[in-house]
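Dear colleague,

Please find the structure below, followed by an account of what was found in it.

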Amino acid sequence: MSEPAMSEPANGTVPCGGTEYGKRPFRRARVHFTDRITADGCDGWPVEAGRYRLVASRACPWASRAVISRRLLGLEDAISLAIPDPIQDDRSWRFTLDPDGRDPVLGIRFLSEAYDAREPDHPGGVSVPAVVDIPSGRLVTNDFQQITLDFATEWTALHRPGAPDLCPEPLREEMDILMAGVYRDVNNGVYRAGFATGQSEYDGAFRDLFRRLGLLSERLSGRRYLMGDTLTEADIRLFTTLVRFDAVYHGLFKCNLFKLAEDPVLWAYARDLFQTPGFGDTVDFHHIKQHYHRVLTGINPTGIVPLGPDLSAWLTPHHREELGGRPFGDGTPPGPVPAAEEVPPGGRAEHLRLGS
């Protein structure tokens, strides 16, 4: 699965505290560190339990892909997880949520230190998700597109028993086509609209986004998941945008033709995924809202974080099970979230009823 190469600002990078967004045309950066961690170690990075650390902000949709994939596949014991503060500064993602402001495994205060250990003066900024080699403290990859594909196909020896096949080989060609359109018009489309500097630029992104959402709604009206009866990588990629839609993109990014909750098919589909182990239990709405509204000062100069919407609605019945399907195919759901990785109560949907 591939994606269009774009130019700066970089994925996950917020220059000058986010003040530049909305002042220049948005283009997504080409990923600079594209090494892969593979079963045969062909890039010099072999799959090895305990060697690598995944740095992934719960605020970032691109990083959330990796967090969901890791959980569905049961890779928690194989690759540890670092969660940075959702509020960045001009020194990049920081570990201020940890004791003494340092990641307890890597011993660094800022993710940029791992980037600099790999390549001083590297181009493209500091983005998440990022996989860091623990022994050397060096960044291995920030290729958010490839990280999840490799989790699914290269880390299979370390998958949990009953892990789903998120990238079924017979479906890969169709998935590539589907996800190329979703990436362009939805995943990246909300950013193109939100960071537009001119009316025509915004109009084009807006129309592409809602045209694609309409097509996806039609596709999902008669099937439970994007590729049929079981979950795949395609569902993960769409979900991480949908789960942020009403809380962030509808208002802050002016993606307001309709709310997700106003499309019966997409809203039911998104709630179905949210209520599936591995999806909603990784979502931190507090991190999401704080990051977008407080960091992106170029488009929200006051830094005010809205109280709404009522996010407890994510837990209401969706009735998608009436379409049949087996979420995990021949596999099983993941077990409980490791205690150290549970989303704090303030970020969970059940605690986020409007007015509470």
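Two strands count as paired if DSSP finds at least two bridges between them. Strands (E, at least two residues) and helices (H or I, at least four) are DSSP runs, numbered from the N terminus. This is a predicted model, in which local features need pLDDT of at least 70 and side-chain atom pairs count only at pLDDT 80 or more, while totals for chains, interfaces and linings use all residues. Residues are numbered from 1 along each chain as its sequence is written, and side-chain values use heavy atoms, without hydrogens and water.

The protein chain holds 9 helices and 4 strands, in the order β-α-β-α-β-β-α-α-α-α-α-α-α from the N terminus. Of its 356 residues, 55% are buried, that is, under 20% relative accessible area with a 1.4 Å probe, protein chains only.

Strand β1 (residues 52-55) has two partners. It runs parallel to β2 (residues 80-82), with 3 bridges between them, and L54 has L81 of β2 as its bridge partner.

Strands β3 and β4 (residues 138-141) pair in the antiparallel sense through 3 bridges and form a hairpin with 4 residues between them, where G137 in the turn has a positive phi of about 75°.

With kind regards

Notes: Buried < 20%, exposed > 50% of the residue type's maximum accessible area, 1.4 Å probe, protein only.
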